[in-house]
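Dear colleague,

I am passing on a structure that will be new to you, and I would be glad if you could read my notes beside it. They follow directly after the structure itself.

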Amino acid sequence: MTAPAPPASAMPHNILWIDPGLWSGVAVWQPATRYYVAWELQFKSLGAYLGQMPGGPGTWIGWERFTITQQTVKLAQTRPNAFEVIGMCAWIAHAKSWRVLPEQAPSERKAAPAVMLRRLGMHPGKQRDDDALSASSHLAVFLLNSGLMPADLAALV
């Protein structure tokens with residue numbers, strides 16, 4: 001079930017979703033213009049990109065939660081790892097007074113599979129890996145659950 005859309009005065013200018021890791025997926029949505037883009041960046045490039053974004057509450061950022069399990073323990077041993085990416089994103093968000101969105105579990109992206117993203121015009125296309133696809137799926141789930149997905153696009157789901 002989706003939430004009602006917030007009033008226009010409360011709408012963010014940018015919504016970013018990050019799939020953290022050695023390579024991080026980044027998906028960006030601008031509600032006013034419906035501009036969408038997604039790609040994959042390494043740690044320093046992600047920091048540089050976030051660093052050039054405007055400050056203030058008009059930017060919202062979220063990321064996929066990372067938990068160490070038997071399946072993910074190897075991912076936590078690489079440098080930089082998902083925890084370092086999340087820490088960098090959180091620090092930049094704090095320094096720029098961005099709104100930090102609740103983390104999503106990795107499984108939540110399954111609610112927005114690739115076929116749905118194609119219908120919505122939010123499929124990142126071929127990338128190095130599936131990190132941009134993951135970030136896009138998380139972003140679409142957030143937009144749907146928060147009521148920020150435009151009604152004509154939500155009707156395609």
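**What was found**

In strand 4, both faces are covered, since Thr59, Ile61 and Trp63 on one side and Trp60 and Gly62 on the other are all buried, where buried means under 20% relative accessible area, exposed over 50% and partly exposed in between, with a 1.4 Å probe and protein chains only. Five of the five residues of this strand, which covers residues 59–63, are buried, so strand 4 is largely enclosed by the rest of the structure. Helices (H or I, at least four residues) and strands (E, at least two) are DSSP runs numbered from the N terminus.

Please keep in mind that this is a predicted model, in which local features need pLDDT of at least 70 and side-chain atom pairs count only at pLDDT 80 or more, while totals for chains, interfaces and linings use all residues. Residues are numbered from 1 along each chain as its sequence is written, and side-chain values use heavy atoms, with hydrogens and water left out.

**The chain and its sheet**

The chain has five helices and five strands, and along the sequence these follow the pattern β-β-β-α-β-α-β-α-α-α. Of the 157 residues in the chain, 48% are buried.

The five strands form an open sheet with mixed pairing, in the order 3-2-1-4-5; two strands pair if DSSP finds at least two bridges between them. Strand 3 and strand 5 stand at the edges with a single partner strand each, so one side of each is left without a neighbour in the sheet. Helix 1 packs on the sheet, where it touches strand 1, strand 2, strand 3 and strand 4, and its direction makes about 140° with that of strand 3. Helix 4 (residues 131–146) also packs on the sheet, touching strand 1, strand 2, strand 3 and strand 4, with a direction that makes about 35° with that of strand 2. Contact here means heavy atoms within 4.5 Å, and axes are lines fitted to C-alpha atoms, for helices over the stretch in contact, with angles that run from 0 to 180 degrees between N-to-C directions.

Taking the pairings in turn, strand 3 (residues 35–42) is joined to strand 2 by eight bridges, and the two run antiparallel, with Ala27 standing opposite Ala38 in strand 3. The hairpin of strand 2 and strand 3 has four residues between the strands, and in this hairpin Arg34 takes a positive phi near 65°. Strand 2 (residues 23–30) is itself largely enclosed by the rest of the structure, because seven of its eight residues are buried.

Strand 1 and strand 2 pair over five bridges in the antiparallel sense, and a hairpin joins them through three residues. On its other pairing, strand 1 (residues 14–19) runs parallel to strand 4, to which five bridges join it. Leu16 takes part in both pairings, with Val28 as its bridge partner in strand 2 and Ile61 as its bridge partner in strand 4. Trp60 in strand 4 likewise has Ile15 opposite and stands opposite Arg99 in strand 5; strand 4 and strand 5 (residues 99–100) run parallel and are joined by two bridges.

**Two helices together**

The axes of helix 1 (residues 43–52) and helix 2 (residues 82–95) come within 10 Å and cross at roughly 15°. That makes helix 1 roughly parallel to helix 2, given that angles under 35 degrees count as roughly parallel, over 145 as roughly antiparallel, 65 to 115 as roughly perpendicular and the rest as oblique. Where they meet, Phe43, Leu46, Gly47 and Leu50 in helix 1 face Glu84, Val85, Met88, Cys89 and Ile92 in helix 2 in contact.

**A buried glutamate**

Glu40 lies in strand 3 and is buried, with a relative accessible area of 8%. What does the side chain of Glu40 reach? The side chain of Glu40 reaches the backbone nitrogen of Asp129 at 3.0 Å and the backbone nitrogen of Asp131 at 2.9 Å. Leaving aside neighbours within four places in sequence, Glu40 is in contact with several residues, among them Trp23, Ser24, Gly25, Gln127 and Arg128.

With kind regards

Key:
Polar contact = N/O pair within 3.5 Å; in protein donor to acceptor, adjacent residues only side chain to side chain.
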